[in-house]
Structure formats: C-alpha cells, structure tokens
There are 2 protein chains.
Amino acid sequence: MTHDVPTIQDIREAAGRIASHAVRTPLVTSPVLDALTGARVFLKAENLQRTGSFKFRGAFHAVSMLDDALRQHGVVACSSGNHAQGVADAAAILGLPATIVMPKDAPDMKKVRTKRLGATVVEYDRYTEDREQITQAIAERTGAALIHPYETIDVLAGQGTAGLEAAADLDAANISLDRALICAGGGGLMAGMLLALRDTYPDIAVHPVEPDGHDDQRRSHAMGKRLGGNNGGASVCDAIVTPMPGALSFSICQGQVAEGLTVTDEEALAAVAFAWRELKLVVEPGGAVALAALLSHKVDVRGETVLATLSGGNIDPEMMVRALATAKPAT
Amino acid sequence: MTHDVPTIQDIREAAGRIASHAVRTPLVTSPVLDALTGARVFLKAENLQRTGSFKFRGAFHAVSMLDDALRQHGVVACSSGNHAQGVADAAAILGLPATIVMPKDAPDMKKVRTKRLGATVVEYDRYTEDREQITQAIAERTGAALIHPYETIDVLAGQGTAGLEAAADLDAANISLDRALICAGGGGLMAGMLLALRDTYPDIAVHPVEPDGHDDQRRSHAMGKRLGGNNGGASVCDAIVTPMPGALSFSICQGQVAEGLTVTDEEALAAVAFAWRELKLVVEPGGAVALAALLSHKVDVRGETVLATLSGGNIDPEMMVRALATAKPAT
C-alpha cells in the first residue's frame, strides 16, 4: 500500500485476510433498547470478537502483513489490554514471540489473558511513564516489529472490517443507517469504520464517544487540530483513555465526523449494567460508552436507524459487580 | 391446525407471525470454544432473545393465535420465570392482562422482570404445591386462556423458529450440521428445533441436555415412555427442572433423539463462567447446560459441526458471582 490512508479496497482485502481467524460478529438488537431510545438500534457486538474486543482485527491484519525479515524478531506493542490480547493472539497464531507493554493498573483479566496467549508482559506506570518511549526502546533493543494500536494503515484497515461487516449485513436487509456512535480512544476503530460505512452510507453521521474529561477527540475535531490536555484523571473506561487522537485516524476523520459525545463514569457503568441485565452481554466500561450515550440521550436519535459499537468485553468481575450495584435495575 | 403435532409449515408460519416482535438471534462462534472441543460450534444465543430466553417465541406465537373470544379474559401461565416473561410480554404487546404462577424461589430477576411487564404474579411452593392445579384453578375461576409452556402446538411451533433460523443461517453459508445439543426441561424447545432442523439436516443427532438428577428426558427416551421420578432435589438450573417430559414434545421426539446428556451443578456453573469470561455472554445455569456438556466432553464431537442452545440469560448477579468464584479462570 503506497497511499497515506487506507482505502475501501484495503479494508476489503483486510477482511479477506482476517476471515479465517476473526469472528464475524453479529449486530445485536433489543426491543427494550429501541423503546428507550425511540430509534432502531444495531449494536456491533465486538465484545464477541476473538480476544473480547475489535482489536484482534487490526492486530492480526498488521502482524500477518509483516514480511519475513520484519517477523524474525517477533512483535512488540503497547496497550491497556485489548490491543495487547489482539497482538498476542495474532503472534501466537503466526508463531512469533510477542512483548506487550501494559499499564500496572490494567484490569487483571486483561493482564492474565495476555500472558495466557504466550506474550511477555512488561508493566509501566500509566501516570508517570511514557509507554511509547518504553515500547520504542524494546523495539530498538530486540529488533521486534512495533505494532502500534492506531498509527498504521494495516491496523486501521483491519478495524474497518467491523464497519464493512455491519454495512454488508444491513444493506443485505435493505436497511439504511442514519448515524453511528463509535467508542473512541486513539480513533482507529472510528477511522476504519468511517471509511467502510461511508462507502455504503455516504451521508451517515459518525460520532466519537469518549469519557468525560478524556474528550480529546471531541475537542480536537471541534478545533480542527489534534489536542491533548485531558484532565479527567482516573476513569473506569481504561480501554479508551488515550492522551490525544492518533495522527492517522485524525487525518481520516478531520472534517468528517459529527459532534463528539461524552459520558460520565456513572453513565458508562449504567450502560454496562444495562447490557448485563437487558442485552445479556458482557461489556467493559470503555466498550459501553456509545451505548451509554444512547441510553443517556446525548444525541437525539428518535426515528432514526443507528449503529453503535460495543467495542470490548474484558471487564473484571469486581467492576461488573460495581456496575450492577450502582445502576438502577430498570433503566 | 388440525393435526396432532406441528409441521415444518406450522413453524414457518409461526416465524412469520413472530418476526416483527421477536429478535432473530445470532449464531455465536468462538475460536476458544472450537479449540477446547475440537469441533466447529455454533451457539444459538437465545439469551439475546426478547425477555432473555427463547420462551418469548412460543409464548408470543400462542397468545397471538388466540381468537377474540379466548382473549377476552386475558391469559394465565405457570413458569419458573422465562415462560413467565414471554407470556407477560406477549400479553402486554397484545393488550391483554396476564397472570403468572411462579415458584417462590424463582430468581429475583425473573420475578421482577415478569412484574415489570405488567403481569400479576402468584407465588407457590415448588416442593409442596402442584403448579398445574393452581394454574388450572385460576383459568377456571377467571376464564383466562391457559398458555402451557410446552403442551400446545402453537407454543412448540414458536420454539421451533429458533431451529428454523439456525438452519437457514447455516445452510446459506453451506454449512452442514452433525449434531445439536439442546437444553431440555419439558422438551418444547427440543421438539420444535428437532422438527425444524431435520427439515434441512435429516441425519442430525439431537441430544437433550439436563441437570444430573433431573434427567427425566434421558431416562424417558431410553425407556421409550415418559418417566417422572427425578431425585435431584434443588438445582441451580431452575429453568429446566421439570417433573417429566411433556406429552406433546415426547410424542415428537420419541425414537428420534440421541442419548440424553447430563451435567452437574458445578459443570453448569463452570459453563456460565466460561460464557462470561470467554464468550462475553450472560447465560443462566439452566441455559448453559448444553454448553456445559460440550465443555465437559459428555459426547465426542471432535471433527464435527455442532449446534448448541444458550437458551436463557436471566441470572441473578449473586449466582453469576458464585459461578465466577467457583470456576477456574482458564477452562
């Protein structure tokens, strides 16, 4: 690929390359959710993806695209835990060693599952150390190929396959989409899905959804330039707490996305509880923010057909119990 | 319908009648599950059905088929909680009052959700009182139409739609099925699905799966006659603890089903935990017995393509915590 951003053709090719290992995840519907929102909602259930999040798509695609010279010293990645599992599983499938740089305070489930996939886990302090520097240093010392979570075309083309599947399923049923709400950290899923969805639905409105206080996507797109400066501190949405939008995803999404939406920790946890009680799906807080934005009426979707991502499901039991304890049973 | 058992045409017509209200549930796949079983497994995720179990299919179909004269005094049903919600929701959709006879020790979630759907709940003691008598008495006193959970053709035709969908999805992908494992209480889901699956896959082996000590299906099919005499006492699998196979489902399944499989409470809870951790699905113990039978290798499925039902997801948080606490993380 010699161009600067992935094309729809890149995404289609990625879909072919990941097909024998990734799960073609369903679009989940719920009459209760439709009644609460006044919309027809389709949830792209990437919590049901291999490794429990959409990250397997981009990770497997990127690792599979490495040539033999690049593969020989294995792969390295930094991740709060979902890209970690994606890269670890991809490396395991392809027979490569993997080193993953993860924050000390990542959920236990994410650390355990990454190690179980055979990766070497290097922990760092999310609040005092720079994960990019640590990862880069390992890559230079070992010669391992760096698989960035959202700054490469191959990763974004892989994430875009989630949008390709959603559009194909809906289009086959003659269903048109008005709007998509996408959980956004670095923005790789949003950028990939935007490219894929626009190919079928040129006028679809695409919103990034983030935690309050970690709204770098919202602010950056509002200002037309990449901004850091999140001031939210700790968040239950560990999967999507990133310092600023990725350069590649921002270049794709700039001028193309609708207003950024944000939700509080309480709203994210209420969505986790709603998913548990009403949808019978296990969703982690960071993977539930798009659902939370719908349940909290952050944008008027009445009468519309809406796609929202459930981007991951790797939640510790303690956090699930907390969500169920704090949220009212009948949303 | 003038015949004694539902035909494939009845099931097709039922599918058309429930289509605008029921969820067309996905077949969930998992590379981890495939690796553990050595099979290609498709899980019919009826925990994602409206009301959280397959019971909505048959309940809505049966209530919708009542003529005006039968509808005028509402409906009554007995149920440990899933048929309860199905009937309550069906009655609410069609504007009828519903009375549901439920055991005192039914999971809280099932009682709360049934009441929330507008039904009047009458509790009884599962171990000392006869639910059929209580329900019949209410029907006679009030004139309400009795919606039995598995003794009517309309209910079974509705449950069969789950099999129709699974066969249609798999057949469209040119996938053949060797075997189906179906959670069995009264046997309505099994009977309906058997009829539907055999239409596409004439040679498929269909197993009822039950809790140890509540294996009336296994014993009845082995002996060729309906047997009671379960001696299992309390079970975590409340949804499928029934005194003996239903007469209608037994007449359909007699001589047609493969060996009945049974699982312990511990195996059912391990499957609940596996579904939570690995599949990211909320499944109740009684809805997890078919998965439990696969995970516990109760039948050799290596090299086969297998369908298993996840028949319901209405589990209390306390039971989920118990399942997660008792089961090893890496199955």
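1. In chain B of this predicted model, F56(B) and F60(B) both lie in helix α3 (residues 55-65). They are four residues apart there, so about one helical turn separates them. Both F56(B) and F60(B) are buried.

2. How do the rings of F56(B) and F60(B) lie relative to each other? Their centres are 5.5 Å apart and their planes meet at 25°. Planes under 30 degrees apart count as stacked, so the pair F56(B) and F60(B) is a stacked one.

3. Over all chains, the structure holds two aromatic pairs. In chain A, the rings of F56(A) and F60(A) have centres 5.5 Å apart and planes at 25°, so this pair is stacked too. F56(A) and F60(A) are four residues apart in helix α3 (residues 55-65) of chain A, which means a separation of about one helical turn.

4. Are F56(A) and F60(A) buried or exposed? The cut-off for buried is under 20% relative accessible area. F56(A) has 0% relative accessibility and therefore counts as buried. F60(A), with a relative accessible area of 3%, is buried as well.

5. The next point is the interface between the chains. The contact involves 30 residues of chain A and 30 residues of chain B. The size of an interface is often given as the accessible area lost when the parts come together. Chain A and chain B bury about 2300 Å² between them, and 66% of that area is on carbon and sulfur atoms.

6. What polar links join the two chains? There are four salt bridges between chain A and chain B. One of the bridges joins the side chains of R116(A) and E278(B), at 2.9 Å from N to O. Twelve residue pairs are in polar contact across the interface of chain A and chain B. On the side of chain A that touches chain B, the elements giving two or more residues are α6 (108-116), α12 (265-279) and α14 (317-326).

How values were computed
Residues are numbered from 1 along each chain as its sequence is written. Chains are lettered from A and ligands numbered from 1 in the order in which they are written. This is a predicted model: local features need pLDDT of at least 70, side-chain atom pairs count only at pLDDT 80 or more; totals for chains, interfaces and linings use all residues. Side-chain values use heavy atoms; hydrogens and water are left out. Rings of Phe, Tyr and Trp (its six-membered ring) pair if their centres lie within 6.5 Å; planes under 30 degrees apart count as stacked, over 60 as edge-to-face and the rest as tilted. Buried means under 20% relative accessible area, exposed over 50%, partly exposed in between (1.4 Å probe, protein chains only). Contact means heavy atoms within 4.5 Å. Buried area is the accessible area (1.4 Å probe) that two parts lose on being put together, summed over both. A polar contact is a pair of N or O atoms within 3.5 Å; within protein, one must be able to donate a hydrogen and the other to accept it, and residues adjacent in sequence count only if both atoms are side-chain atoms.
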